[in-house]
Each structure stands twice: as C-alpha cells, then as structure tokens.
Amino acid sequence: MSELLQFLVSGITVGAIYAAIALGFTLIYNASGVVNFAQGEFVVIGGMTAAALIGAGVPVWIAAPLAVIAGMLVGVLLYRLAIKPAREAPLVSLIIITIGASIFLRGAMQAVFDKQIHRYDGFSGDAPLRVGGATILPQSLWIVGGSIAVFAFLAWFLNRTRAGRGIKATASNRMAAALVGINTGRAMNLSFALSAAIGALAGVLATPVTFTSYDVGVLMALKGFSATMLGGVGSPLGALAGGLLIGLIEALTAGYISSDYKDASAFIVILLVLFLRPQGLFGARITERV
Amino acid sequence: MTRQAVAAGVSALALLTGAPALAEIKIGASLAVTGPAAFLGDPEAKTLEMLVEELNANGGINGEEVELVLYDDGADPNKARTFATRLIEEDEVVAVIGGSSTGTTMAMAPLFADYEIPFISLAGAVVIIDPVQEFVFKTPHTDRMACEKIFADITSRGMTKVGLISGTGGFGASMREQCLDVAESSGVEIVADESYGGSDSDMTPQLTNIASTDGIEAIVNPGFGQGPAVVTRNYAQLGLDMPLYQSHGVASDEFIKLAGDAANGIRLPATPLLIPDQLAEDDVQRQPVQDYIAAYEEAYGEKPSTFGGYAYDAFHLLVDAIERAGSTDPVEIRDALEATEELAGVTGVYTFSPEDHMGLDLSAFRILEIEDGGWKPVEE
C-alpha cells in the first residue's frame with residue numbers, strides 16, 4: 001500500500017513538471033497555431049538563470065521572479081526577431097523556425113552560462129515529508145501547486161479576459177480578428193511572452209528536483225509535447241491532465257512492470273489515444289471550412 | 001599592397017626564419033574538445049597542451065622539442081578516422097594520443113596497425129585492449145574493474161545480495177553488463193536490476209522496488225551525469241538504510257555539490273586524484289597527483305578532472321617510452337611502451353606487457369566514502 005502511494009507521489013511530481021511545460025505549448029498554439037519547439041529552452045533559461053543568480057548570492061524570492069522575467073524577454077525577442085518577420089510564411093516554416101531558434105538558444109546558453117549541471121535548494125528546504133508511508137519533497141508541492149496555478153490562470157485568461165479572447169480569435173482567423181478591431185500583433189506578442197514566462201517558471205520550480213543544464217531542453221520539450229498531444233492541443237485542461245497522466249503511467253510502469261518499459265508504455269498510451277481520439281482527451285474537434 | 005598581404009608576408013618570413021634548427025618530435029592527438037563528449041575532451045586537450053609547454057620549457061625529450069598536433073573530432077568516429085589518417089600521413093607524427101570516447105577509438109584503431117604507429121586511447125571500454133592489438137594501448141581503467149572493486153568492498157562488509165539501478169546511456173548500460181558478468185566470480189548475487197533514462201527526474205519507484213526485494217543488502221548505481229545525483233537524493237528521500245555505491249563515472253566534486261547532504265555515506269571507486277592530501281607519504285602516486293593538480297590549477301584556475309588525468313598519464317607514458325627508446329622511430333617507441341614497468345601516474349601504476357595493454361590492476365581504484373561533503377579513503 002505504501003508502495004502504491006510512493007509510486008503515485010512520484011508520478012504526480014514528474015507529471016506536474018510535464019504539465020507545466022505542456023501549458024506553455026498550449027498558449028502559443030492557441031495564438032498562432034505554431035507548435036513552439038523552443039519551449040524546452042525557456043524551461044532551461046528559467047532554471048539556469050535562477051541557478052546562476054542564487055549561486056551569486058541573490059535570495060530565492062528575488063532570483064525566481066527575475067528568472068521568469070528573463071525567460072519572458074527571450075520569448076518576446078524570439079517573436080520579434082524570428083517569428084514576426086516571417087509571419088506571412090506557412091505554418092510549417094514557422095514551426096521549423098522555432099526548431100532553429102531552439103538550436104540557437106542551446107548554443108547561446110553554453111556561452112552565456114556553462115556546460116555544467118546545476119541545482120539549488122528547494123524553496124522550503126529539502127527535508128522529505130512523510131505521508132502515510134510514502135515520502136514527498138516539499139519542492140514537489142511547489143511544482144504541483146505551480147502547475148495548478150498556471151492552469152487556473154490560463155483557463156481564466158483565455159476565456160474571461162479581452163486580451164485572452166483576442167489571442168484565441170487571432171488563432172482562429174487572423175484577418176477576421178483584425179477586421180473586428182483586435183490588435184493581432186499585440187496578441188501574438190503577449191502569447192509568446194506569457195508562454196515563455198510559463199516555461200521559465202516550470203524551470204525555476206523543477207530545477208531543485210530535476211537539475212538543469214544547457215542541453216536538457218529538448219527532452220523536456222519532448223515530454224511536454226507528448227502531454228500536449230495526449231490532452232488535446234490547445235486545451236489548458238488537456239495539458240494539465242495529459243502531463244499528470246504521462247507522469248503516473250511512467251511511475252506505475254516503473255513500479256509494477258519494469259523500469260525498462262517506462263517510456264514505452266507512456267508512448268503506447270499516447271498512440272492509442274491518438275488512434276481513438278485524434279483530437280486528444282480534451283481537445284475540441286476542429287472542422288475546417290473551405 | 002593590402003594589409004592582409006603584408007601580414008601574410010610577415011608571417012611567411014616568420015615561418016622561414018623562426019623555425020629553430022632543432023629536430024622536432026611530433027605527437028598527434030584527436031580528442032572530443034567540443035560536442036557531446038566535450039566534458040572528456042576539453043580537460044584532456046588542456047592537459048596535453050599544458051604538458052607539452054612544460055616539457056619544452058624544460059628542454060624537451062633528449063634535447064628535442066615536442067610539437068603537439070591536436071584535432072577536435074567532436075566525438076564523431078568518421079571525423080576521428082579522417083584526422084588519424086591526416087596525423088599519420090601528412091603531419092607524420094611518431095605516436096597518437098586520443099579517442100576521448102570508445103567509438104572514436106575503435107574507428108581509429110585499425111589504422112595504427114597498418115601504419116605501425118603507437119596509439120594510446122583515453123576511453124574506457126574493455127574492447128579496446130581485449131583482444132590485445134599490437135599498437136593500441138589505453139590509460140583509463142575499465143568499467144569491469146570498477147564492478148569488481150565495488151563488489152570486493154561489498155563482500156568485505158559481509159554482504160552478498162546486491163540491487164542494481166543503472167542509467168540506460170552508454171556508460172550505465174555497459175557497466176551494468178560488466179557488473180552482471182563479474183557478479184558470480186566476485187561472490188555477490190544480483191537480486192534486483194532496475195534502470196532509468198538519462199533525463200529522468202524521479203527514481204523513487206525503482207528504488208522502492210529494490211528496497212522491497214527480499215534480502216537486499218546493498219545498491220549499486222552504474223551511471224553518468226545527473227542521474228546518479230537524482231538516485232542519491234531519492235535514496236535519502238526514501239530514508240533507505242542499505243549502503244549505496246556510485247560508479248567512477250561520477251567521481252568528482254560536482255557530484256557532491258549536486259547530491260548535497262544526501263551524498264554523505266555514499267561509497268565509490270575513484271582515482272587518487274580526489275584525495276591528493278590524504279595519500280600516504282610513501283604512496284608512489286602522491287607526487288604525480290600533487291604535481292598535476294598544482295600545474296593544472298596554475299594554468300587554468302580550476303581543478304583537474306579524472307578525465308584530464310587519463311591524458312596526463314598517456315603523455316607521461318609516451319614521453320617515458322621515447323626517452324627509453326632513445327629514438328623517434330614509431331616501432332621502437334611501441335616496443336619501449338610495451339616494456340613500461342611500474343610507472344606511477346595519477347590514475348594508477350602502469351606495467352604493460354605483450355598480454356596487457358592497459359597495465360592497471362584493481363589497486364588503481366581507491367574506494368572513497370563521502371563524509372561531510374568531502375572525500376575520505378576507506379581503509380582496506
């Protein structure tokens with residue numbers, strides 16, 4: 001029984017990290033239809049900036065917001081310098097641009113930071129909490145809390161605010177959105193800034209548990225993207241559920257079947273879901289009118 | 001005349017007049033200075049450059065200057081092979097050091113038999129020296145020896161039942177196989193065998209399973225990079241009380257920094273490079289270890305790594321062989337290299353023979369325990 005509890009705790013911690021990354025994917029997709037493959041790099045920028053600042057003696061409560069702001073700035077620059085000049089290009093080209101941006105950012109991070117692995121202490125210390133025979137790190141609670149907070153914010157922002165609805169309108173038809181008076185340029189700008197901030201926040205929260213180095217972004221993005229696909233692209237609820245589900249499947253497979261099949265079982269579930277429900281668990285069925 | 005042309009003319013003149021009449025001994029190297037194995041190749045290249053400069057400042061080998069021809073293969077076997085060919089045919093080196101990784105080493109190895117040039121590899125795998133190839137040597141100990149050393153320490157504590165938790169990367173997978181292979185002859189029984197991926201962030205399910213295996217007495221973690229640090233933190237999080245062994249792959253201060261307090265009590269096999277001040281006065285490795293650390297810190301302002309130590313040993317083995325051969329003929333250098341006896345390096349004490357081109361025994365590894373965030377040798 002305590003074993004099951006431990007597996008669940010592990011799955012939820014890891015799943016919450018995937019979910020936070022997936023939520024970043026969701027926002028840019030919602031605004032532009034672009035799957036941003038540089039999303040993993042935002043996670044690393046958040047983690048590395050926080051690690052560098054904390055290493056230099058800056059207190060966590062200052063370093064963490066600064067790292068998120070640094071991620072946000074890079075997100076805006078990515079949009080201004082790489083995506084905006086090519087905004088008339090087809091979607092596939094934009095997606096390829098984000099792949100190029102991710103390679104560039106990885107190289108830049110080697111130069112700006114270093115090639116070492118970094119971590120810093122958990123926000124509430126590293127002494128594990130005991131819950132009915134299982135142990136959980138206080139930082140895991142921060143990660144889970146952070147993911148849920150980001151989810152709640154996105155759900156509210158996209159559906160209840162003018163700016164959020166503007167982002168959704170821009171995605172569904174940019175010209176129509178512009179015609180009804182939505183500033184589509186600002187909507188895109190905002191979505192990249194927020195999405196990068198969410199990625200950086202995920203990095204800041206996860207680094208005490210997962211560690212970070214300049215090259216972990218690709219794998220992070222892969223897991224986050226899988227979570228996005230499983231939950232349904234574009235749905236914040238789907239991103240949250242997809243992330244947690246993948247984390248739980250991995251932990252339970254590692255616990256009960258074999259750790260060798262951990263990644264495989266997660267991908268089998270994703271494939272099954274995509275066969276049966278191509279739009280993902282919570283994705284809306286998209287009908288294109290010609 | 002443009003400025004470039006002037007500059008070119010000046011440097012051409014410098015080449016013509018600047019080259020001393022002294023004969024030069026050319027030593028080649030192909031290392032992964034950049035790319036995925038840069039953590040190996042970077043300290044190796046820095047070490048070689050530092051040693052060549054030091055050697056020439058002290059008069060070279062038998063009065064002849066040494067020139068290092070270094071190429072960066074980025075851990076790409078194809079590039080390594082091209083560079084090895086270039087080193088032999090165009091640069092006409094007398095010996096080659098290199099191959100930061102097993103892949104590049106094995107790609108280059110056949111060339112040295114064809115051209116009869118001695119080659120000292122800095123990579124870990126057993127295949128490099130087993131079966132023995134006439135012109136191929138290597139300095140690092142093998143992962144097989146790491147397993148044997150760990151198991152010897154486990155049995156000396158009266159334990160036999162071991163659980164493995166291995167990384168699925170090249171290093172972890174290879175060492176896991178070697179550990180399974182030598183378990184029986186070392187007198188231990190592998191009762192649990194778990195794995196994790198290189199970027200996994202939580203290994204508590206695997207550790208929970210190992211801990212609940214019947215009769216389990218010790219855990220061994222073959223792995224590299226951040227995985228072992230995560231395993232160590234999870235091990236502390238779960239409050240497990242059986243001893244945890246890490247591999248030589250994480251024998252660095254970096255590991256202690258990442259794993260934090262959780263690292264205390266962990267044991268691992270390592271080279272004496274980590275405990276320069278705790279080596280006995282009469283330890284033959286004391287001098288080379290302290291020399292290397294002092295020189296590297298002065299040159300680069302940072303501590304040398306285990307990997308740089310492999311290059312340090314390769315270079316000293318080669319210089320020693322050239323001095324003893326009294327010649328720069330590659331075949332005579334090879335013969336002298338094979339006759340190396342009791343040469344104390346930073347990794348271990350080397351004695352080559354026609355059957356053994358690695359020249360180290362288990363004494364090259366010291367079992368260290370982490371105590372209060374520092375290394376402490378375990379009395380044997």
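Predicted model: local features only at pLDDT ≥ 70, side-chain atom pairs only at ≥ 80, totals over all residues.
Residues are numbered from 1 along each chain as its sequence is written, and chains are lettered from A and ligands numbered from 1 in the order in which they are written.

Me: How many helices and strands are there in chain A?
Reply: Helices (H or I, at least four residues) and strands (E, at least two) are DSSP runs, numbered from the N terminus. Read from that end, the elements of chain A run α-α-α-α-β-β-α-α-α-α-α-α-α. The count for chain A is therefore 11 helices and two strands.

Me: What radius of gyration does chain A have, beside the value that the globule rule gives for 290 residues?
Reply: The radius of gyration is taken over C-alpha atoms, and the globule rule is 2.2 Å times the number of residues to the power 0.38. Along its principal axes, the C-alpha trace of chain A spans about 60 × 50 × 35 Å. Chain A is as compact as a globular protein of its length, because the rule gives 19 Å and its radius of gyration is close to that, at 19 Å.

Me: Where does H8(A) bend?
Reply: The bend at a residue is the angle between axes fitted to the seven residues ending there and the seven starting there. In H8(A) the bend is about 30°, and a proline, Pro208(A), follows within four residues of the place in question, which is Val204(A).

Me: How many of the 27 residues of H8(A) are buried?
Reply: A residue is buried if 20 or more other C-beta atoms lie within 10 Å of its own, exposed if 12 or fewer, and partly exposed in between, with C-beta atoms placed from the backbone. H8(A) is largely enclosed by the rest of the structure, because its buried residues number 24 of the 27.

Me: Which helix of chain B gives the largest share of the side that touches chain A?
Reply: Two residues are in contact if their C-beta atoms, placed from the backbone, lie within 7 Å, and 24 residues of chain B are in contact with 26 residues of chain A. Helices H2 (38-57), H7 (204-211), H8 (227-238) and H9 (253-259) of chain B, together with strand E7 (189-196), each give two or more residues to this side. The largest share, five residues, comes from H7(B).

Me: What separates the centres of domain 1 and domain 2 of chain B?
Reply: Domain bounds come from an automatic or database domain assignment, which for chain B gives domain 1 (22-142 + 289-363) and domain 2 (143-276 + 365-377). Taken over C-alpha atoms, the separation of their centres is 30 Å.

Me: Is Ser166(B) buried or exposed?
Reply: Ser166(B) is found in strand E6 (residues 161-167) of chain B. Its C-alpha atom is 4.9 Å from that of Pro222(B), 56 residues apart along the chain. Leaving aside neighbours within four places in sequence, the residues in contact with Ser166(B) include Gly172(B), Ser195(B) and Pro222(B). With 27 other C-beta atoms within 10 Å, Ser166(B) is buried.

Me: What is phi of Glu342(B)?
Reply: Most residues other than glycine have a negative phi, and most peptide bonds are trans. Glu342(B) is found in the loop between helix H12 (330-338) and strand E11 (343-344) of chain B, and it counts as exposed, with 9 C-beta neighbours inside 10 Å. Phi of Glu342(B) is a positive value in a residue other than glycine, near 50°.

Me: Which residues does a cis peptide bond join, with omega of about 5°?
Reply: The second residue of the pair has its place in the loop between strand E4 (119-121) and strand E5 (136-138) of chain B. With omega of about 5°, the cis peptide bond joins Asp130(B) and Pro131(B).
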